[in-house]
Amino acid sequence: MNNFTYFNPTKAHFGKGQIATLKEEIAANSRVLLTYGGGSIKHNGVYDQVIDALSECTVVEFGGIEPNPHYETLIKAVEIAKQQDIDVILAVGGGSVIDGSKFIAAAACYEGDYWDIITTGGGCVTRAFPLGCVLTLPATGSEMNRNSVVTRAATQDKLSFGSDLVRPAFSILDPETTYSLPPRQIANGVVDSFVHIMEQYMTYPVNAKVSDRFAESLLLNLLEDGPEALTKAEDYDVRANLMWTATMALNGTLKNGVPTDWATHAIGHELTALYGLDHAQTLAIVMPALWRYKKAQKKHKLLQYAERVLNITAGTDDEKVAQAIKKTEDFFIQMGNPVTLAAYNLSADAIPAVKEKLIEHRHLAIGEHQDITPQDAAEILTLAL
Ligand code: NZQ
Ligand code: ZN
């Protein structure tokens, strides 16, 4: 097991009716910047619950944060945060609203060019507004981590930064808020969390039993409850288990003591920025192809996954690996996320631009062995045509 430092100061309020705890988390008379997306919270009762809980505060609203939050949109909120003498930012929505709000929290305290926050990977962040979240889409883990992914639409750059200063002070996770999710977003959430677990699991063994067995249990939850969420409209237990699984998948717990990959995410972000696919749609395409490309290096963990999670016990090692990759693809397809570029009308012509963007973003040697070059990424995508 590798060395690690574990730090997670975010307080989680989980369960039905927990939006009311906003009253305890945000002091009366505070000035709150309430950030949200395209309006789903106004149709599913979440907005009303939030406004009710904040009845003793002054609320300044900033709506319209789009999926894959745009830098161009977020900097408008930064000006509002500065002018309105805000005490706290409350993000209400999915990963995009939370990530966008992390950027706003940091940029509103930053004196230079706001884009520096991205180019330094968060290194220039020395102060940030306090942030709280009400999560409505289990997927990214952003509600309990230090990361944020921002897109500059003008230049098709989708890049991330991280800082302990933008970790949410608290997050509210009420599974009932997810009842209004359309199937496409349920699928995206399940596939995204699945791939987050895999980015921290499907590498090479270092005898880190806690992280490995924890990852395997979370994968089993997704395999079991992901399809259930698509067919059962308002099953509280299914939604509750998915919500906490997605949070645990990327709140810093699984990476303790293990090598991590993250190449699927790096390649996927370029596909989103260039061609507009949803985040998890890109992951379902890239990850199985990457596994095929790197199956020799990942063989031990692929076999461990095959046996412990998928219960594949018959056949040679190569057959087990092939079955494990195929079953993973079948799961993504069952959830509604196809595993080929062709499913999104993209051909081999789409690949060179991805390679160029990876070079521009200095993603020159990614993966757990830092041996996936932009040319390798192009070859991986060729396996996913
Ligand atoms: O904007 P509204 O109207 O709220 O609608 C959203 C949006 O259209 C809708 N939605 C959210 N909750 C809903 C709902 N619709 C009905 N009922 C609800 N309860 O879902 C759509 C997608 O929302 P979005 O926030 O974009 O989805 P997600 O949570 O998947 O976030 C994706 C973003 O997070 C980044 C991705 O790259 C992408 O930009 N990621 C962030 C990470 C992190 N911070 O650690 C890690 C991830 O790997 C990921 O990269
Ligand atoms: Zn992701």
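# A tour of the C-terminal region

Begin by selecting Ser-193, which is found in helix H7. The model on screen is predicted. Ser-193 is buried, its relative accessible area being 1%. Display its surroundings next: when residues up to four places away in sequence are set aside, Ser-193 touches Ala-139, Leu-222, Ala-246 and Ala-249.

Now widen the selection to residues 187-382. An unreviewed UniProt entry annotates this stretch as "domain: Fe-containing alcohol dehydrogenase-like C-terminal". Across residues 187-382 the chain is 64% helix and 0% strand.

**The zinc ion**

Centre the view on ligand 2. Which residues coordinate the zinc ion? The donors are Asp-192 through OD, and His-196, His-265 and His-279, each through NE2. The distances run from 2.0 to 2.1 Å. Along the chain, the donors follow the spacing D-x3-H-x68-H-x13-H. Asp-192 belongs to helix H7 (residues 183-199) and His-265 to helix H10 (residues 263-275), so this pair ties together parts that are 73 residues apart in sequence. Colour the two by accessibility: Asp-192 is buried, and His-265 is buried as well.

**Helices H7 and H11**

The axes of H7 and H11 come within 8 Å and cross at roughly 40°. Are the two helices parallel or oblique to each other? An angle from 65 to 115 degrees would count as roughly perpendicular and one under 35 degrees as roughly parallel; H7 and H11 are therefore oblique. The crossing in which H7 passes H11 is left-handed.

Show the side chains at this contact. From H7, select Arg-184, Asn-188, Val-191, Asp-192, Phe-194, Val-195, His-196 and Met-198. They meet His-279, Ala-280, Gln-281, Leu-283, Ala-284, Met-287 and Trp-291 of H11. Asp-192, His-196 and His-279, which take part in this contact, are also among the zinc donors.

**Helix H15 and the segment after it**

Move on to helix H15 (374-382). Its buried residues are Pro-374, Asp-376, Ala-377, Ala-378, Ile-380 and Leu-381. To see what covers them, show other helices, including H10, H11 and H14.

Continue to Leu-383, in the segment after H15. Is Leu-383 buried or partly exposed? At 47% relative accessibility, Leu-383 counts as partly exposed. Apart from neighbours within four places in sequence, the contacts of Leu-383 are Ala-289, Arg-292 and Tyr-293.

**Two loop residues with positive phi**

Most residues other than glycine have a negative phi. The last two stops depart from that pattern. Select Asn-311, in the loop between helix H12 (299-308) and helix H13 (317-335). The phi of Asn-311 is near 60°, a positive value in a residue other than glycine. With a relative accessibility of 60%, Asn-311 counts as exposed.

Finish at Arg-362, in the loop between helix H14 (351-360) and helix H15 (374-382). Phi of Arg-362 is likewise positive, near 60°. Arg-362 is exposed, its relative accessible area being 62%.

Methods
Residues numbered from 1 in each chain as written. Chains lettered and ligands numbered in written order. Predicted model: local features only at pLDDT ≥ 70, side-chain atom pairs only at ≥ 80, totals over all residues. Heavy atoms only, no water. UniProt positions renumbered as here; feature names shortened; annotations may be inferred. Helix = DSSP H or I, 4+ residues; strand = E, 2+ residues; numbered from the N terminus. Donors = N, O, S within 2.8 Å, 3.2 Å for Na, K, Ca; no water. Buried < 20%, exposed > 50% of the residue type's maximum accessible area, 1.4 Å probe, protein only. Axes fitted to C-alpha atoms, helices over the stretch in contact; angles between N-to-C directions. Parallel < 35°, antiparallel > 145°, perpendicular 65-115°, else oblique. Left-handed = near helix turned anticlockwise from the far one by under 90°. Contact = heavy atoms within 4.5 Å.
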